[in-house]
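Take a look at the model below. The paragraphs after it walk through the fold, one part at a time.

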Amino acid sequence: MRRGQSGRWRWSNVPVPESHVAGLLAGTVAHVLKPVRLLENQRLARSAGWGLTGVGLLIIGWAVRTVGELELNGGKPTALVTTGPYAFSRNPMYVGWSALYLGITFLLNTAWLLVVLPAMLSTVHLVVRREERSLEREFGDAYRAYRRDVRRYL
């Protein structure tokens with residue numbers, strides 16, 4: 001198992017999960033067409049929104065920095081990263097994006113993004129399952145041991 005070359009940054013490793021983006025777009029369009037507030041207290045909504053957005057960006061940044069110079073997008077994985085946030089979650093970038101999604105939900109103060117949330121998370125889960133099968137084929141017993149010891153999400 002290779003540990004990421006922590007401290008390096010590769011922009012191509014910054015994830016932009018299509019399902020999260022599609023959910024954000026669908027929920028935002030629905031909100032523009034028919035606004036439905038999530039909370040009446042705008043100050044509370046903003047506070048929760050900025051907090052979740054910050055947590056999401058920190059998790060994503062930590063994960064990208066942990067993988068370092070490894071190329072994550074577009075190809076077979078070359079190493080199994082098990083340090084940093086990957087020691088707590090096998091999918092910290094998806095966890096980070098989900099926190100970011102919830103942060104935006106509160107910042108926009110729209111219930112529509114929560115309506116879209118189950119479909120978005122279901123789609124993410126299907127992608128994660130496909131990625132897990134690929135990692136198991138590539139890394140075999142090492143990945144199975146990692147999967148046994150580290151949660152899929154949180």
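Predicted model: local features only at pLDDT ≥ 70, side-chain atom pairs only at ≥ 80, totals over all residues.

Residues are numbered from 1 along each chain as its sequence is written, and side-chain values use heavy atoms, with hydrogens and water left out.

Start with the whole chain. The protein chain has 5 helices and 0 strands. Helices here are DSSP runs of H or I with at least four residues, strands are runs of E with at least two, and both are numbered from the N terminus. Read from the N terminus, the order is α-α-α-α-α. Along the principal axes, the C-alpha atoms fill a box of roughly 50 × 30 × 25 Å. The protein chain has 154 residues, and 40% of them count as buried. Buried means under 20% relative accessible area, exposed means over 50%, and partly exposed lies in between, with a 1.4 Å probe and protein chains only. Contact means heavy atoms within 4.5 Å. Among contacts with a separation of 6 or more, 82% join residues 24 or more positions apart.

Now go to the segment before α1, where V14 lies. V14 has a relative accessible area of 26%, so V14 is partly exposed. From V14 to R147 the sequence separation is 133 residues, and their C-alpha atoms are 23 Å apart.

Helix α1 comes next. It covers residues 18–33, and its 16 residues should span 22 Å at 1.5 Å a residue; the end C-alpha atoms are 22 Å apart, which agrees. The expected span is 1.5 Å times one less than the number of residues. Which residues of α1 are buried? They are S19, H20, G23, L24, G27, A30 and H31. Viewed down the axis of α1, these buried residues fall within an arc of 135°, so they line one face of the helix. The arc is taken from the directions that run from the helix axis to the C-beta atoms. The face turned away from the buried side of α1 carries the exposed residues E18, L25, V32 and L33. On the buried side, α1 packs against α3 (92–108) and α4.

Helix α2 spans residues 42–67. It has 26 residues and reaches 37 Å from first C-alpha to last, close to the 38 Å expected at 1.5 Å a residue. Its buried residues include A45, G49, T53, G56, I59 and I60. Further along α2, G61, A63, V64, T66 and V67 are buried too. The cover over the buried residues of α2 includes α3.

Turn to the helix pairs. Two packed helices are described by the angle between their axes and the distance between the axes. Axes are lines fitted to C-alpha atoms, for helices over the stretch in contact, and angles run from 0 to 180 degrees between N-to-C directions. Helices α3 and α4 pack at about 170°, with axes 12 Å apart. That makes α3 roughly antiparallel to α4. Angles under 35 degrees count as roughly parallel, over 145 as roughly antiparallel, 65 to 115 as roughly perpendicular and the rest as oblique. On the α3 side, the contact includes Y94, Y101, L102 and L108; on the α4 side, it includes L113, M120, V127 and E131. By class, the contact of α3 with α4 has 14 nonpolar, 2 polar and 1 charged residues. Ala, Val, Leu, Ile, Met, Phe, Trp, Tyr, Cys and Pro count as nonpolar, Asp, Glu, Lys and Arg as charged, and the others, Gly among them, as polar.

Helix α4 (residues 112–139) also packs with α5 (residues 141–149), at about 135° and with axes 6 Å apart. That makes α4 oblique to α5. E132, L135, E136 and F139 in α4 meet D141, A142, Y143, R144 and R147 in α5. This contact of α4 with α5 has 4 nonpolar, no polar and 5 charged residues.

Finish at the loop between α3 and α4, the place of N109. At 2% relative accessibility, N109 counts as buried. N109 has a positive phi of about 50° although it is not a glycine. Most residues other than glycine have a negative phi. Leaving out residues up to four places away in sequence, N109 touches H31, V36, R37, L38, L39, Q42 and A45.

W112 sits in helix α4. Its relative accessibility is 26%, so W112 counts as partly exposed. Beyond its neighbours within four places in sequence, W112 is in contact with G27, A30, H31, K34, P35 and V36. W112 and R37 are 75 residues apart in sequence and 8.4 Å apart in space, C-alpha to C-alpha.
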